Amino acid sequence: MPRARGVRALAVAAVLAASSFLARGAAAQHKPLPATLVALDSPEGQRLFEEADARADYWNLSEQYVTQRSGNFCGVASGVMVLGALQVTAPMDDQLGSPAFTQDSFFNECARRVLSPTLMPGMTIDQLADLLQCHPATAHAVHAADTTLADFRTLAAKNLATAGDYIIVNYDRAGLGQEHMGHISPLGAYDAKADKFLVLDVARYKYPPVWADAAALFAAMGTDDFVSGKTRGFVVASAAPVPPGPVGARTARNPIHIAEGIGVGLFLLGIALGAGVQTWRLKRRYRAQSG
């Protein structure tokens, strides 16, 4: 028993040191956390990690922790972390001069056919799965509408308790009491007693790694993604001997077409409003002449 407590204490100390290092240089800019979220580097966050029974994924992911380089790269940063944690063959990164998964080398020729890094407003979970499969990884996207909280909890807890596979969630931050915005980040651990998941937020300049209630996280994943026209959800990824390649059947609504649709809708609304105003004016003139 004393030995087990000693091992747990060392684990918590390692997590605290890692989370402090990861937050260094960004903590002063962190947005305030709502009472429903628990920062990993807080005393309560450390306690949750100590009692968590599913945290095998945390160690490999923490070694690969990166900050998204721009507001629309949360999916890219999450993909880089997972691919690095899987320890699969990495592409050559020109800047580093060696094989490595970075937010630049992530977009190989295959990935650029799925999504352009210079034109994307963000990405759907289906696109993220296809991007991951442009590398030696098998990825499966699940929309929240196609599963339940109980099934997600069971699947995610099992995933986090074993090394070799990882889970990335797509959720609306507002559902966790943060700013209203779709976001993507990997999960690092699960504490069954508290029923909380550890979200390794890749926007480290905004928020630290946090513990979130399972029900709140699942509800945030159940919100609609405007681009895909479906609910958000999660992606499960594991290593593959060779890149499986994108499925291709996963389609998202083209942002240009969305903009065109909005423009047409506004134009028609303007016509309708104009006609309504004109009708009101004619009726008013008729009444004035009749009086």
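Modeller: Here we take the labels one by one.

Modeller: This is a predicted model, where local features need pLDDT of at least 70, side-chain atom pairs count only at pLDDT 80 or more, and totals for chains, interfaces and linings use all residues. Residues are numbered from 1 along each chain as its sequence is written, and side-chain values use heavy atoms, with hydrogens and water left out.

Colleague: Why is C74 called buried?

Modeller: Buried means under 20% relative accessible area, exposed over 50%, and partly exposed in between (1.4 Å probe, protein chains only). C74 has 9% relative accessibility, so C74 counts as buried. Q178 has 10%, so Q178 is buried too.

Colleague: What makes C110 and C134 a disulfide?

Modeller: A disulfide is a pair of cysteine sulfur atoms within 2.5 Å. The S to S distance of C110 and C134 is 2.1 Å, and a disulfide joins them. By this rule the count is one disulfide.

Colleague: What is the handedness of the disulfide of C110 and C134, and why?

Modeller: The torsion about the S-S bond is about -65°, so the disulfide is left-handed. C110 lies in helix α5 and C134 in the loop between α6 and β4, so the pair ties together parts 24 residues apart in sequence. Helices (H or I, at least four residues) and strands (E, at least two) are DSSP runs, numbered from the N terminus.

Colleague: Why is the pair of F49 and Y58 called edge-to-face?

Modeller: Rings of Phe, Tyr and Trp (its six-membered ring) pair if their centres lie within 6.5 Å; planes under 30 degrees apart count as stacked, over 60 as edge-to-face and the rest as tilted. The centres of F49 and Y58 are 5.1 Å apart and the planes are at 65°, so the pair is edge-to-face.

Colleague: And what is the pair of F152 and F197 called?

Modeller: F152 and F197 form a tilted pair, with 5.4 Å centre to centre and 45° between the planes. F152 sits in helix α7 and F197 in strand β7, 45 residues apart. Both F152 and F197 are buried.

Colleague: How do you know that Q178 and R173 make a polar contact?

Modeller: A polar contact is a pair of N or O atoms within 3.5 Å; within protein, one must be able to donate a hydrogen and the other to accept it, and residues adjacent in sequence count only if both atoms are side-chain atoms. The side chains of Q178 and R173 make such a contact at 2.9 Å.
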